[in-house]
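Good morning, and thank you for the time. I shall ask you to keep the structure in view while I go through its domain arrangement, its charged pairs and a few backbone details.

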Amino acid sequence: EIRHEVVIVGGGAAGIAVASSLLARKPDLDVAIVDPADIHYYQPGWTMVGGGVFDPRWTAKTMASLIPPGAKWIKAAVAAFEPENNALVLDGCRVVTYGRLVVAPGLKLNWGAIEGLPETLGRNGVTSNYRYDLAPYTWELVRALKRGTALFTQPPMPIKCAGAPQKAMYLAADHWRGAGVLGDIDIHFCNAGAVLFGVKDYVPALMEYVDHYGIHLDFQETLTRIDGPARTAWFTRVGADGMTEAIERRFDMIHVVPPQTAPDFLRVSPLADAAGWMDVDPATLRHRRHPGIYGLGDACNAPNAKTAAAARKQAPIVAHNLLRDMGALREPDAVYDGYGSCPLTVERGKIVLAEFGYGGKLLPSLPGWLIDGRKPSRLAWLLKERMLPWMYWKAMLRGREWLAKPELAA
Ligand code: FAD
């Protein structure tokens, strides 16, 4: 049996950040991170890879190089939780016990839910920025397309980075505009949802780009099946009368965003809510029923935008509250306002920087005269291109919290 004072499940954006935040507060804490992956990805960079801006290699680092000094790495997948025994079971049936548990395994991209998709991904004009190995193929397809039909799909919510499906589309359209072929390409945004973006303040700026690029918005259309060699995709559309119909669309290229769920081992565990997500208090990120257990990142059910930006704010909150529960801190609880951020790459060189918290409340990080999030901004692009990757690797993952100081309860 292996035992650690604090065990963190998942060494992604959230898991590494929370480990560093804990150790920044209490350097002698006995922390272990459980993750089977050799490579950790900076996924927010994949939109830029698909747009031909970033080299994919900039978005990957070895897990070993990111585990903070002082933390142990248990290189294995968690198979099951046993909260009543303060234990988890690893693949291969090894047991790990803990004093406190932090759950941050991200979410599951359910490629298999679309019939025919797994076998044609990466071929026949079928791509997705949601995978490291496929984002470069997006750029390859975009550059090669001179005429025809380009489809961009968005599955039902929740998904990570809700803006990413349309970011891929705007960067593609901007390239086609520059290449003088935009008029020969029929662009469709086939969105399972009924709105362009969930926070209405950002919609007018996005609609200007939709019009400018001549994009057709096809709302309430959910991708169900794809035949790569036949270059055909099928959708279910919900009409105004609530009736559903099947739509068939031909494509020359299609950018697919898969439906997303909680990871299977979490979904079937006692820690999940009815929908399968980690059941946490949205303000304190403690588990709602099991004391000593915390959740953050894409896996949890707090109604924030599932983004690395959210994990950046959540990590110090979990670290603070966990250490407080252990008696190592005396201050009141840290509380999370739901901050998340989605930099919408509306053209190469400009971003509509959505930053908002619970209930769609706007939470800009910078004063309005520097960046007004509701308008396309060059400075926001520079932030995304030059600053955010550096902030991610050097500050967020290392527990330097100058941009994520937690608010304490009054
Ligand atoms: P992840 O970073 O996905 O990490 C999960 C970790 O858990 C992985 O290391 C995995 O190996 C591990 N794990 C899984 N199963 C197990 C198991 N059984 N046992 C142990 N470990 C396990 N966010 C932004 O802020 N801004 C953006 O512009 C942005 N754009 C994006 C664009 C794209 C195309 C994508 C895909 C994402 C984007 N995001 C963006 C979202 C962001 O990447 C995620 O919200 C963030 O990575 C979530 O962190 P996480 O730690 O919860 O999950």
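Predicted model: local features only at pLDDT ≥ 70, side-chain atom pairs only at ≥ 80, totals over all residues.

Let me begin with the overall layout. The C-alpha centres of domain 1 and domain 2 lie 31 Å apart. Domain 1 comprises residues 2–107 together with 262–336, and domain 2 covers 110–260; these bounds come from an automatic or database domain assignment.

Residues are numbered from 1 along each chain as its sequence is written, and side-chain values use heavy atoms, with hydrogens and water left out.

I turn now to the interface between the domains. In contact across it, with contact meaning heavy atoms within 4.5 Å, are 17 residues of domain 1 and 16 residues of domain 2. The size of an interface is often given as the accessible area lost when the parts come together. For domain 1 and domain 2 the buried area is about 1400 Å², and carbon and sulfur atoms give 68% of that area. Buried area here is the accessible area, taken with a 1.4 Å probe, that two parts lose on being put together, summed over both.

Which element gives the largest share of the side of domain 1 that touches domain 2? That is helix α2, residues 46–50, with four residues. Helices (H or I, at least four residues) and strands (E, at least two) are DSSP runs, numbered from the N terminus. By residue class, this side of domain 1 divides into seven nonpolar, seven polar and three charged residues. In that scheme Ala, Val, Leu, Ile, Met, Phe, Trp, Tyr, Cys and Pro count as nonpolar, Asp, Glu, Lys and Arg as charged, and the others, Gly among them, as polar.

How many salt bridges does the rule find across the interface of domain 1 and domain 2? The number is zero, where a salt bridge is a side-chain nitrogen of Lys or Arg within 4 Å of a carboxyl oxygen of Asp or Glu. Two residue pairs, both at pLDDT 80 or more, are in polar contact between the domains. A polar contact is a pair of N or O atoms within 3.5 Å; within protein, one must be able to donate a hydrogen and the other to accept it, and residues adjacent in sequence count only if both atoms are side-chain atoms.

Next, please look at glycine 51, in the loop between α2 and β4 (60–62). Is glycine 51 buried or exposed? Glycine 51 counts as buried because its relative accessible area is 7%; the classes are buried under 20%, exposed over 50% and partly exposed in between, with a 1.4 Å probe and protein chains only. Leaving aside residues up to four places away in sequence, glycine 51 touches Trp139, Leu171 and Arg348. Glycine 51 and leucine 171 are 120 residues apart in sequence, yet their C-alpha atoms are 5.6 Å apart in space.

The salt bridges in total come to 20 by this rule. One of them pairs aspartate 28 with lysine 26, the closest N and O atoms being 3.0 Å apart. Aspartate 28 is exposed at 60% relative accessible area, whereas lysine 26 is partly exposed at 24%.

Another joins lysine 72 to aspartate 30, with closest N and O atoms 3.9 Å apart. This pair links distant parts of the chain, 42 residues apart: lysine 72 is in strand β5 (residues 71–74), and aspartate 30 is in the loop between α1 (13–25) and β2 (31–34). Lysine 72 is partly exposed at 41%, as is aspartate 30 at 28%.

A further bridge runs between arginine 374 and aspartate 372, at 3.2 Å between the closest N and O atoms. Salt bridges that share partners also join Asp218, Glu221, Arg237, Glu245 and Arg249 into one network.

Finally, the backbone. The peptide bond from methionine 157 to proline 158 is cis, with omega near 0°, and proline 158 is in the loop between β11 (148–154) and α6 (164–178).

Which value does phi take at asparagine 86? Phi is near 50° there, a positive value in a residue other than glycine. Asparagine 86 belongs to the loop between β6 (78–82) and β7 (87–90) and is partly exposed at 32% relative accessible area. Arginine 231 likewise has phi near 50°; arginine 231 is found in the loop between β14 (221–227) and β15 (232–238) and is partly exposed at 28%.
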